[in-house]
Amino acid sequence: MIRGYAVRLAALALAAALIATACSGGDDAPARPAPVAGGATALPGPAPAGLALRPAPSGAPGAPAVTSALTDGSPVALADLWADRPVVLVFFTSWCTLCADRQAALGELARRHRDEVVFVGVATEDRPEDVQRYLREHRVEYPVALDADGGIWRSYAVREPPAVVVIAKGGTLLRGWPGGVDAATLDAELRRLVFAP
């Protein structure tokens, strides 16, 4: 009787140890891959209620309503994004030194206005792994479209990085900067062109 009890107790102890090891993942469990930076998880949620924006100027041209894939392969349509709020397009490449120099301040500006404006990076002439390295190194938290054939760049007349374009809610082109723009100037222009006083 005691021997049977001891065998059952040992079996229960072994089962408990196996369950604990399985739940903790153990040292032999494969590491989960890091989430892809710039993918669908970086897309914004619904625009906040009562978002106060300036009306787009009449007669201004419309922005090209392009579609692309984000870094994780998820589709994105710019028209869907600007239906709710303004969009800032940041054209860059991983090998652009000026892009890298300005990225920290642009990233901070994007975080500050996260609910009011959608920042979207657009990378071309780049390998996906180089874009990922750039996004992680520079803490880019907004979605990034991979423009493999340069079609989005051509649609927006971008010839070389960096470049920045501001699009009003509804899809009107407001302002562009070939050669890029510093975060302080962009912030001032967003306040002047986009946000209601």
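Is Phe92 buried or exposed, and what is its relative accessible area?

1. Phe92 is buried, with a relative accessible area of 2%; buried means under 20%, exposed over 50% and partly exposed in between, using a 1.4 Å probe and protein chains only. Please keep in mind that this is a predicted model, where local features need pLDDT of at least 70, side-chain atom pairs count only at pLDDT 80 or more, and totals for chains, interfaces and linings use all residues. Residues are numbered from 1 along each chain as its sequence is written, and side-chain values use heavy atoms, with hydrogens and water left out.

2. Now to the partner of Phe92. Its ring and that of Tyr134 are stacked, because the centres are 5.0 Å apart and the planes at 20° (rings of Phe, Tyr and Trp, the last by its six-membered ring, pair if their centres lie within 6.5 Å; planes under 30 degrees apart are stacked, over 60 edge-to-face, the rest tilted). Tyr134 is buried too, at 1% relative accessibility. Phe92 sits in strand E3 and Tyr134 in helix H4 (residues 128-137), so the pair links parts 42 residues apart in sequence. Helices (H or I, at least four residues) and strands (E, at least two) are DSSP runs, numbered from the N terminus.

3. Phe91 and Trp153 are both buried. Their ring centres are 5.7 Å apart with planes at 90°, so this pair is edge-to-face. Together with Tyr156 they form one aromatic cluster.

4. A look at the strands, too: E1 (residues 67-70) runs antiparallel to E2 (residues 75-77), joined by three bridges (pairing needs at least two DSSP bridges). Ala69 has Pro75 as its bridge partner in E2.
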